[in-house]
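Here is a quick tour of a single protein chain, going from the overall fold down to a few side chains. Have a look at the model first, then read on.

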Amino acid sequence: MSMTERERYFVVVGTLLRLLRERAGLSQGKLATCMDSSQPSLSRYERGDDCPTLWQLRLAGQALGVSPVQVLEIVEIAFAADVSQMPARIARAALMTAAYQALQAAALPAPAAPPAPVAPGADAPPRSPVS
């Protein structure tokens with residue numbers, strides 16, 4: 001059984017989100033928070049079971065250092081892969097590969113390094129000595 005056009009689009013969007021998230025070194029929980037979503041929802045997006053809203057894609061792009069336009073351009077390139085005659089399992093793998101290749105071909109700047117963890121109390125003002 002082949003995939004519907006909608007199912008194929010969800011797989012491409014989800015795969016690209018996962019690849020960009022991993023490239024930026026973010027956890028699902030951190031990106032979900034940035035997207036005003038939840039970790040289980042982001043997991044569904046990344047699996048291609050659901051699709052984020054345009055607003056959530058905008059927020060994700062901000063967190064990942066890419067514009068929504070760049071995200072959608074890469075999605076459209078990967079979505080052009082002809083998988084219409086393939087069984088669903090093979091089509092899913094082919095779309096994931098197409099998303100990976102489209103991301104590699106895109107001229108995106110390197111992601112900013114995630115902030116370094118701060119030691120507890122490191123941001124507190126120094127204590128004055130007690131006399």
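## Ground rules and overall picture

Contact here means heavy atoms within 4.5 Å. Keep in mind, too, that this is a predicted model.

The protein chain has six helices and zero strands, so the pattern along the sequence reads α-α-α-α-α-α. Of its 131 residues, 36% count as buried. Among contacts with a separation of 6 or more, 70% are between residues 24 or more positions apart. The accessible surface of the chain is about 8100 Å², and carbon and sulfur atoms hold 58% of that.

## Helix H5 and what covers it

Helix H5 takes in residues 68-79, twelve in total, and it spans 16 Å from first C-alpha to last, close to the 16 Å expected at 1.5 Å a residue. Its buried residues are Val71, Ile74, Val75, Ala78 and Phe79. They sit on the same side of H5, because they cover an arc of only 135 degrees around the axis.

What lies over that buried side? The cover for the buried residues of H5 includes helix H1 (5-24), helix H4 (54-64) and helix H6 (88-105). On the face of H5 turned away from the buried side you'll find Val69 and Ile77, both exposed.

Tyrosine 9 comes in at 22% relative accessibility, so it counts as partly exposed.

## Helix H3 and the glycine after it

Helix H3 runs over residues 39-47, and its buried residues are Ser41, Leu42, Ser43, Tyr45 and Glu46. Which helices do they pack against? The buried residues of H3 pack against H1, H2 and H4. Just after H3 comes glycine 48, which takes a positive phi of about 85 degrees.

## Two buried glutamines

Glutamine 28 belongs to helix H2, which covers residues 28-34. Is glutamine 28 buried or exposed? With a relative accessible area of 18%, glutamine 28 is buried. Its side chain makes a polar contact with the side chain of glutamate 46 at 2.8 Å, and Glu46 is itself one of the buried residues of H3. Leaving aside neighbours within four places in sequence, glutamine 28 is in contact with Arg21, Gln39, Leu42, Ser43 and Glu46.

The other glutamine to check out is glutamine 56, placed in helix H4. Its relative accessible area is 11%, so glutamine 56 counts as buried. Not counting residues up to four places away in sequence, glutamine 56 touches Met35, Asp36, Ser37 and Tyr45. Tyr45 is another residue from the buried set of H3, so on that list you can follow one of the H3 residues that pack against H1, H2 and H4.

Methods: Residues numbered from 1 in each chain as written. Predicted model: local features only at pLDDT ≥ 70, side-chain atom pairs only at ≥ 80, totals over all residues. Heavy atoms only, no water. Helix = DSSP H or I, 4+ residues; strand = E, 2+ residues; numbered from the N terminus. Buried < 20%, exposed > 50% of the residue type's maximum accessible area, 1.4 Å probe, protein only. Areas by Shrake-Rupley, 256 points an atom, 1.4 Å probe, with all protein chains shown as cover. Polar contact = N/O pair within 3.5 Å; in protein donor to acceptor, adjacent residues only side chain to side chain. Expected span 1.5 Å × (residues − 1). Arc of directions from axis to C-beta.
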